[in-house]
Amino acid sequence: MAQFVRYASTKYDVVVIGGGPGGYVAAIKAAQLGYNTACIEKRGALGGTCLNVGCIPSKSLLNNSHLYHQIKHDSENRGIAIDGEVSVNFPKLMEAKEKAVKQLTGGIEMLFKKNKVTYIKGSGAFVDEKKVSVTPIDGSEELELEADHFIVATGSEPTPFPGITIDEERIVTSTGVLALKEIPKRLSIIGGGIIGLEMASVYSRLGSEVTVIEFQNAIGAGMDAEVAKTSQKLLAKQGLKFKLGTKVVSGVRDGEVVKIEVEDVKSGKKEDLEADVLLVAIGRRPYTEGLALEKAGLELDNKGRLVIDSQYRTKHDHIRVIGDVTFGPMLAHKAEEEGIAAAEYIKHGHGHVNYGNIPSVMYTHPEVAWVGLNEEQLKEQGIKYKVGKFPFIANSRAKTNLDTDGFVKFLADAETQRVLGVHIVGPNAGEMIAEAGLALEYGASTEDIARTCHAHPTLSEAFKEAALSTFDKPINF
């Protein structure tokens with residue numbers, strides 16, 4: 001018989017359900033604010049999808065596959081001679097990914113101990129609006145927790161494709177594609193969003209023949225149209241094949257291959273494709289399974305999102321919801337900000353997340369990053385704006401790095417020069433976008449940025465010159 005796990009208390013000030021980026025940050029912040037806090041997580045490892053089967057493992061594969069590809073194909077241009085064959089040790093590549101994940105999940109456990117957060121490994125379900133029951137993952141006896149405040153942060157899961165059966169071997173989600181046993185010769189991907197394109201980049205570099213199938217006529221949903229078009233051209237040069245404006249009719253596993261039927265959206269012409277692995281990457285949906293929301297009287301909208309107000313409160317003021325399971329972009333850093341804000345609302349009655357200033361990054365090569373409004377949104381809203389661009393080919397650091405694809409693009413108010421949006425495709429875009437976020441947060445103008453001294457030679461000088469070109473002429477182009 002399993003032994004009952006006894007915790008120091010079954011009554012807490014704050015109980016967080018979910019230990020992902022939103023949940024674990026909310027728990028730590030609540031504890032730092034003086035609350036007796038518990039966090040329930042059923043995965044058995046903290047960090048949620050992002051850390052375990054999302055952001056972190058994918059970045060490990062992206063970084064190491066890029067390093068391999070660069071060594072194999074770009075060393076000679078850099079004056080580096082490689083004696084002998086350069087090859088991929090795929091199991092070792094996966095091992096490096098897992099090592100990074102374990103170190104980081106363990107790090108969060110240490111943060112819980114440091115901040116005196118009680119970590120409960122199990123599945124939480126509402127008993128009523130004041131209590132949750134927890135079924136521990138080790139099989140021990142169920143326990144019941146009472147709390148003054150609850151924060152629900154159960155995240156999201158991959159959206160299934162109607163009629164396609166996922167087996168996580170040949171037909172996979174973002175979870176399965178991170179755990180393949182071998183490099184597929186042919187990889188087809190349904191969805192030209194960030195997840196699909198990042199995985200396309202990884203396996204293309206490792207030698208797979210990759211085809212991206214996208215229903216829309218452009219990749220990168222949410223990207224500025226000019227940036228999306230440029231990014232697609234650069235990825236196509238790397239060997240990725242794109243079928244845009246294409247509908248997937250069916251996908252069926254047949255032994256060791258997957259047979260896919262597609263149809264041109266405009267003409268209706270059908271085509272049969274085959275792949276060794278099919279990745280379904282059409283987005284994510286809120287995850288609420290097993291929460292017994294009805295027992296607490298919590299509401300879902302027609303997209304399965306928990307309904308909240310501007311302070312993350314449900315119909316019950318003491319139950320708040322953050323992250324992917326409710327409204328807004330499904331991004332780890334958005335959930336983290338909400339975790340802090342939710343804890344601050346409980347403590348102080350006020351918190352802050354600027355939803356107009358949440359960056360997005362695609363970690364392909366070159367990287368793509370953006371924050372604020374894009375051109376299409378500005379036109380829709382009737383806002384008069386100016387465009388400032390600067391290409392990396394004119395940047396001294398990019399030239400010395402032999403990495404000159406892409407540009408920095410500023411969108412600024414036509415009268416005041418206030419920064420409205422920044423869009424970057426190019427080297428180090430994901431790091432550089434932080435400066436744009438700071439500018440947006442403080443209402444900076446492009447002149448403020450252009451008159452700020454940027455170190456030479458750095459990629460960030462392209463950022464400065466793009467800002468300058470919204471109201472004057474750039475110096476180096």
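Tutor: Two strands pair if DSSP finds at least two bridges between them. Helices (H or I, at least four residues) and strands (E, at least two) are DSSP runs, numbered from the N terminus. This is a predicted model, in which local features need pLDDT of at least 70 and side-chain atom pairs count only at pLDDT 80 or more, while totals for chains, interfaces and linings use all residues. Residues are numbered from 1 along each chain as its sequence is written, and side-chain values use heavy atoms, with hydrogens and water left out.

Student: Which residue in the turn between β4 and β5 has a positive phi?

Tutor: β4 and β5 form a hairpin, with six residues between them. A positive phi of about 85 degrees belongs to a residue in that turn, Gly139.

Student: What is the bridge partner of Gly122 in β4?

Tutor: Strand β3 (residues 118-128) pairs with strand β4 (residues 131-136) in the antiparallel sense, over six bridges. The two strands are joined by a hairpin through two residues. In β4, Gly122 has as its bridge partner Pro136.

Student: Is the crossing of α1 and α4 left-handed or right-handed?

Tutor: The axes of α1 (residues 21-32) and α4 (residues 90-114), lines fitted to C-alpha atoms over the stretch in contact, come within 10 Å and cross at roughly 20 degrees, on a scale from 0 to 180 degrees between N-to-C directions. That makes α1 roughly parallel to α4 (an angle under 35 degrees). A crossing is left-handed if the near helix is turned anticlockwise from the far one by less than a right angle, and right-handed if clockwise. For α1 and α4 the crossing is left-handed.

Student: Which residues in α4 meet Tyr24, Ala27 and Ile28 of α1?

Tutor: Contact means heavy atoms within 4.5 Å. Tyr24, Ala27 and Ile28 in α1 meet three residues in α4, namely Ile108, Leu111 and Phe112.

Student: Where is Gly193?

Tutor: An unreviewed UniProt entry lists Gly193 under "binding site", along with Gly191, Gly192, Glu214 and Gly283, among others; such annotations may be inferred rather than shown by experiment. The listed positions span 93 residues in sequence, yet no two of their C-alpha atoms are more than 14.3 Å apart, so they gather at one spot. Gly193 itself is in the loop between β8 and α6 (194-205).

Student: Which residue in β21 is the bridge partner of Gly372?

Tutor: The open sheet with the order β17-β18-β21-β20-β19 has five strands and antiparallel pairing. In it, β18 (residues 367-372) and β21 (residues 419-426) run antiparallel and are joined by six bridges. In β21, the bridge partner of Gly372 is Gly421.

Student: At about what angle does α12 run to β18?

Tutor: Helix α12 covers residues 429-441. This helix lies across β17, β18, β20 (407-413) and β21. Its angle to β18 is about 10 degrees.

Definitions and conventions
Angles under 35 degrees count as roughly parallel, over 145 as roughly antiparallel, 65 to 115 as roughly perpendicular and the rest as oblique.
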